[in-house]
Amino acid sequence: MGQMLVTVRYRIEGDHAHFRHDLQKVAGLIAGIPGLVWKIWGIDQDRDVGVSAYLFASEASARAFIAGPMIERLRSRPDVTDVSFEFAPVDQDLSEMTGAADALGGAPTAAAL
């Protein structure tokens, strides 16, 4: 199986500036997760919601991440609740048709040209 997309959602309770400061400390650790291609961070301060999208090179690396210490660290934070995640295989053709070829590390398909 090819690349896997993982989304993680959570609710932030408390000071967003402090939360973001803490995340800056772990961003380097996250960047070193085996199999991680990229991560996009989303934090909506008005709704107290965080959403992150991760692209993993394989299903095995995505599953290892979900079962690993980063999600556990997020769940153990006193200012974070309602942590959930979803993952699914990337549909390469559809993704490339909508402009994601560079993000996925592939060349555009003929259908996307």
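Is Tyr 54 buried or exposed? In this predicted model, Tyr 54 counts as buried because its relative accessibility is 4%, below the 20% limit for that class.

**Aromatic contacts**

The count of aromatic pairs comes to 4. One of them joins Tyr 10 and Phe 19 in a tilted arrangement, with 5.8 Å centre to centre and 55° between the planes. Tyr 10 and Phe 19 are both buried. Another pair, Tyr 54 with Phe 56, is stacked, at 6.0 Å centre to centre and 15° between the planes. Phe 56 is buried, its relative accessible area being 0%. Together with Phe 65, Tyr 54 and Phe 56 make up one aromatic cluster.

A ring also takes part in a contact with a charge: the charged end of Lys 39 sits over the ring of Trp 41, 3.2 Å from its centre.

**Salt bridges**

Across the whole structure, 5 salt bridges are found.

| Salt bridge | Distance |
|---|---|
| Asp 44 and Arg 47 | 2.8 Å, N to O |
| Arg 63 and Glu 59 | 2.7 Å, closest N and O atoms |
| Arg 77 and Asp 79 | 2.7 Å, N to O |

Asp 44 is partly exposed at 26% relative accessible area, and Arg 47 is exposed at 52%. Arg 63 and Glu 59 both belong to helix H2 (residues 59–67), where they are 4 residues apart, about one turn of the helix. Arg 63 is partly exposed, with 46% relative accessibility, and Glu 59 is partly exposed, with a relative accessible area of 24%.

Arg 77 and Asp 79 are both buried. A network of salt bridges links Arg 77 and Asp 79 with Asp 22 and Lys 25.

Definitions and conventions. Residues are numbered from 1 along each chain as its sequence is written. This is a predicted model: local features need pLDDT of at least 70, side-chain atom pairs count only at pLDDT 80 or more; totals for chains, interfaces and linings use all residues. Side-chain values use heavy atoms; hydrogens and water are left out. Rings of Phe, Tyr and Trp (its six-membered ring) pair if their centres lie within 6.5 Å; planes under 30 degrees apart count as stacked, over 60 as edge-to-face and the rest as tilted. Buried means under 20% relative accessible area, exposed over 50%, partly exposed in between (1.4 Å probe, protein chains only). A charge sits over a ring if NZ of Lys or CZ of Arg is within 6 Å of the ring centre and within 35 degrees of the ring normal. A salt bridge is a side-chain nitrogen of Lys or Arg within 4 Å of a carboxyl oxygen of Asp or Glu. Helices (H or I, at least four residues) and strands (E, at least two) are DSSP runs, numbered from the N terminus.
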